[in-house]
Amino acid sequence: LVCISNVPDTTTKINFSADQKELVTSGIQYIINPYDEIALTRALELTEGSGGTVTVLNVGDTSTDPTIRKALAIGATDAVRINAAPRDAYFVAKQIANHAATGNYDLILTGRESIDYNGSQVAAMVGELLNIPSVSICKSLTIDGNNATLEREIEGGKEVITAPLPLVV
(Lines give C-alpha, C1' and ligand atoms only; values in the text may rest on other atoms or scores of the structure.)
Protein backbone atom coordinates (compact mmCIF):
# COMPACT_ATOMS: atom_id res chain seq x y z
CA LEU A 1 0.00 0.00 0.00
CA VAL A 2 1.45 3.35 -1.03
CA CYS A 3 -0.16 6.46 0.45
CA ILE A 4 -0.19 9.41 -1.95
CA SER A 5 -1.01 13.05 -1.35
CA ASN A 6 -2.41 15.54 -3.82
CA VAL A 7 -0.25 18.67 -3.48
CA PRO A 8 0.14 21.94 -5.40
CA ASP A 9 2.87 21.86 -8.04
CA THR A 10 5.81 23.91 -6.77
CA THR A 11 5.72 25.98 -9.97
CA THR A 12 2.08 27.03 -9.41
CA LYS A 13 1.38 30.58 -8.28
CA ILE A 14 -0.37 30.46 -4.91
CA ASN A 15 -2.98 33.06 -3.93
CA PHE A 16 -4.96 33.62 -0.75
CA SER A 17 -8.39 35.10 -0.10
CA ALA A 18 -8.72 38.83 0.60
CA ASP A 19 -8.69 38.16 4.36
CA GLN A 20 -5.58 35.94 3.92
CA LYS A 21 -7.26 33.03 5.70
CA GLU A 22 -7.98 30.63 2.82
CA LEU A 23 -6.04 29.25 -0.11
CA VAL A 24 -7.61 30.12 -3.45
CA THR A 25 -7.50 26.80 -5.29
CA SER A 26 -8.66 27.97 -8.71
CA GLY A 27 -5.81 27.86 -11.20
CA ILE A 28 -3.61 25.61 -9.05
CA GLN A 29 -2.06 22.59 -10.77
CA TYR A 30 -1.93 19.58 -8.43
CA ILE A 31 0.54 16.68 -8.58
CA ILE A 32 1.48 13.54 -6.66
CA ASN A 33 3.55 14.61 -3.69
CA PRO A 34 7.15 14.09 -4.94
CA TYR A 35 8.19 12.12 -1.84
CA ASP A 36 5.15 9.85 -2.27
CA GLU A 37 6.13 9.31 -5.90
CA ILE A 38 9.54 8.09 -4.69
CA ALA A 39 7.73 5.63 -2.38
CA LEU A 40 5.56 4.48 -5.30
CA THR A 41 8.62 3.93 -7.47
CA ARG A 42 10.29 1.85 -4.74
CA ALA A 43 7.12 -0.21 -4.24
CA LEU A 44 7.02 -0.96 -7.97
CA GLU A 45 10.69 -2.00 -7.87
CA LEU A 46 10.03 -4.30 -4.91
CA THR A 47 7.13 -6.04 -6.64
CA GLU A 48 8.84 -6.35 -10.02
CA GLY A 49 9.01 -10.04 -10.91
CA SER A 50 7.60 -11.15 -7.55
CA GLY A 51 3.93 -11.21 -8.44
CA GLY A 52 3.20 -8.63 -5.76
CA THR A 53 0.77 -5.78 -6.25
CA VAL A 54 0.90 -2.09 -5.48
CA THR A 55 -2.22 -0.30 -4.30
CA VAL A 56 -2.18 3.48 -3.98
CA LEU A 57 -4.40 5.17 -1.43
CA ASN A 58 -5.43 8.80 -1.30
CA VAL A 59 -7.57 10.59 1.25
CA GLY A 60 -9.41 13.30 -0.65
CA ASP A 61 -12.41 14.24 -2.74
CA THR A 62 -12.98 13.69 -6.45
CA SER A 63 -10.62 16.56 -7.32
CA THR A 64 -7.74 14.19 -6.47
CA ASP A 65 -8.72 11.70 -9.19
CA PRO A 66 -6.15 13.02 -11.73
CA THR A 67 -3.39 12.38 -9.17
CA ILE A 68 -4.67 8.85 -8.61
CA ARG A 69 -4.83 8.24 -12.38
CA LYS A 70 -1.22 9.41 -12.66
CA ALA A 71 -0.17 6.86 -10.00
CA LEU A 72 -1.96 4.14 -11.96
CA ALA A 73 -0.22 5.29 -15.16
CA ILE A 74 3.14 5.06 -13.38
CA GLY A 75 2.39 1.41 -12.63
CA ALA A 76 0.23 0.97 -9.52
CA THR A 77 -1.97 -2.11 -9.76
CA ASP A 78 -5.06 -0.49 -8.28
CA ALA A 79 -6.16 2.54 -6.30
CA VAL A 80 -8.38 3.50 -3.40
CA ARG A 81 -9.69 6.98 -2.74
CA ILE A 82 -11.18 7.59 0.69
CA ASN A 83 -13.71 10.29 -0.04
CA ALA A 84 -12.95 12.72 2.80
CA ALA A 85 -11.35 16.12 3.16
CA PRO A 86 -7.92 15.63 4.78
CA ARG A 87 -8.32 17.93 7.81
CA ASP A 88 -5.11 17.10 9.67
CA ALA A 89 -2.41 14.43 9.96
CA TYR A 90 -4.28 12.37 12.58
CA PHE A 91 -7.47 12.31 10.52
CA VAL A 92 -5.54 11.16 7.43
CA ALA A 93 -3.61 8.53 9.42
CA LYS A 94 -6.86 7.21 10.91
CA GLN A 95 -8.43 6.87 7.44
CA ILE A 96 -5.36 5.05 6.12
CA ALA A 97 -5.18 2.75 9.15
CA ASN A 98 -8.89 1.90 8.91
CA HIS A 99 -8.45 0.85 5.29
CA ALA A 100 -5.12 -0.93 5.85
CA ALA A 101 -6.56 -2.96 8.73
CA THR A 102 -8.88 -4.69 6.29
CA GLY A 103 -6.44 -4.95 3.37
CA ASN A 104 -3.84 -7.45 4.60
CA TYR A 105 -0.89 -5.35 3.32
CA ASP A 106 2.69 -6.53 3.90
CA LEU A 107 4.16 -3.08 3.54
CA ILE A 108 2.76 0.45 3.79
CA LEU A 109 4.91 3.15 2.22
CA THR A 110 4.57 6.92 2.46
CA GLY A 111 6.77 9.79 1.42
CA ARG A 112 8.88 11.25 4.19
CA GLU A 113 6.62 14.32 4.24
CA SER A 114 4.20 16.22 2.04
CA ILE A 115 5.53 19.33 0.35
CA ASP A 116 2.48 21.36 1.35
CA TYR A 117 2.44 20.82 5.15
CA ASN A 118 5.85 19.21 5.79
CA GLY A 119 4.61 17.46 8.93
CA SER A 120 6.21 13.99 8.65
CA GLN A 121 3.55 12.67 11.04
CA VAL A 122 1.22 10.38 9.09
CA ALA A 123 3.44 7.29 8.72
CA ALA A 124 4.29 7.02 12.43
CA MET A 125 0.63 7.52 13.36
CA VAL A 126 -0.45 4.79 10.93
CA GLY A 127 2.05 2.38 12.49
CA GLU A 128 0.81 3.21 15.95
CA LEU A 129 -2.85 2.90 15.00
CA LEU A 130 -2.19 -0.51 13.39
CA ASN A 131 0.17 -1.59 16.20
CA ILE A 132 2.93 -2.46 13.70
CA PRO A 133 6.52 -1.19 13.42
CA SER A 134 7.16 2.12 11.71
CA VAL A 135 10.49 3.44 10.43
CA SER A 136 10.83 7.04 9.29
CA ILE A 137 13.13 8.77 6.82
CA CYS A 138 14.32 5.55 5.20
CA LYS A 139 16.98 5.85 2.50
CA SER A 140 17.17 2.19 1.48
CA LEU A 141 14.73 -0.70 1.76
CA THR A 142 15.11 -4.37 0.89
CA ILE A 143 12.74 -7.23 1.62
CA ASP A 144 13.87 -10.78 2.41
CA GLY A 145 10.98 -13.09 3.17
CA ASN A 146 9.05 -11.65 6.09
CA ASN A 147 11.72 -9.15 7.10
CA ALA A 148 12.78 -5.75 5.85
CA THR A 149 16.24 -4.25 6.08
CA LEU A 150 16.21 -0.47 6.14
CA GLU A 151 18.97 2.09 6.08
CA ARG A 152 18.64 5.56 7.59
CA GLU A 153 21.08 8.42 7.68
CA ILE A 154 21.96 9.57 11.16
CA GLU A 155 24.37 12.18 12.42
CA GLY A 156 27.85 10.93 11.65
CA GLY A 157 26.85 7.84 9.70
CA LYS A 158 24.17 5.36 8.78
CA GLU A 159 21.85 3.17 10.79
CA VAL A 160 20.75 -0.26 9.54
CA ILE A 161 17.52 -1.63 10.97
CA THR A 162 15.83 -4.99 10.47
CA ALA A 163 12.09 -5.16 11.09
CA PRO A 164 9.39 -7.77 10.55
CA LEU A 165 6.55 -7.33 8.08
CA PRO A 166 3.95 -5.86 8.16
CA LEU A 167 5.68 -2.53 8.44
CA VAL A 168 5.12 1.17 7.76
CA VAL A 169 8.02 3.01 6.09
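User: Which residue forms a salt bridge with D65?

Analyst: In this predicted model, local features need pLDDT of at least 70 and side-chain atom pairs count only at pLDDT 80 or more, while totals for chains, interfaces and linings use all residues. Residues are numbered from 1 along each chain as its sequence is written, and side-chain values use heavy atoms, with hydrogens and water left out. A salt bridge requires a side-chain nitrogen of Lys or Arg within 4 Å of a carboxyl oxygen of Asp or Glu. The closest N and O atoms of the pair are 2.8 Å apart, and the partner of D65 is R81.

User: In which helix and which strand do D65 and R81 lie?

Analyst: Helices (H or I, at least four residues) and strands (E, at least two) are DSSP runs, numbered from the N terminus. The two residues are 16 residues apart and link distant parts of the chain. D65 belongs to helix α2 (residues 65-74), and R81 belongs to strand β7 (residues 78-82).

User: Is D65 buried, partly exposed or exposed?

Analyst: A residue is buried under 20% relative accessible area, exposed over 50%, and partly exposed in between (1.4 Å probe, protein chains only). The relative accessible area of D65 is 23%, so D65 is partly exposed.

User: How many salt bridges are counted?

Analyst: Side chains of opposite charge can pair when their charged atoms come close. Among the pairs is R42 with E45, at 3.0 Å from N to O; both residues lie in helix α1 (residues 34-47), three residues apart, about one turn of the helix. Another pair is R152 with E159, at 2.9 Å from N to O. The count of salt bridges comes to four.

User: How many disulfides does a search of the whole structure find?

Analyst: A disulfide is a pair of cysteine sulfur atoms within 2.5 Å. The closest cysteine sulfur to that of C3 belongs to C138 and is 15 Å away, which is too far for a bond. C138 is likewise in no disulfide. The number found is zero.

User: Is C3 buried or exposed?

Analyst: The relative accessibility of C3 is 7%. C3 therefore counts as buried.

User: Which residue in the hairpin of β9 and β10 takes a positive phi?

Analyst: Strands pair if DSSP finds at least two bridges between them. Five bridges join β9 (residues 140-144) to β10 (residues 147-154), and these strands run antiparallel. The hairpin has two residues between the strands, and the residue with a positive phi near 70° is G145.
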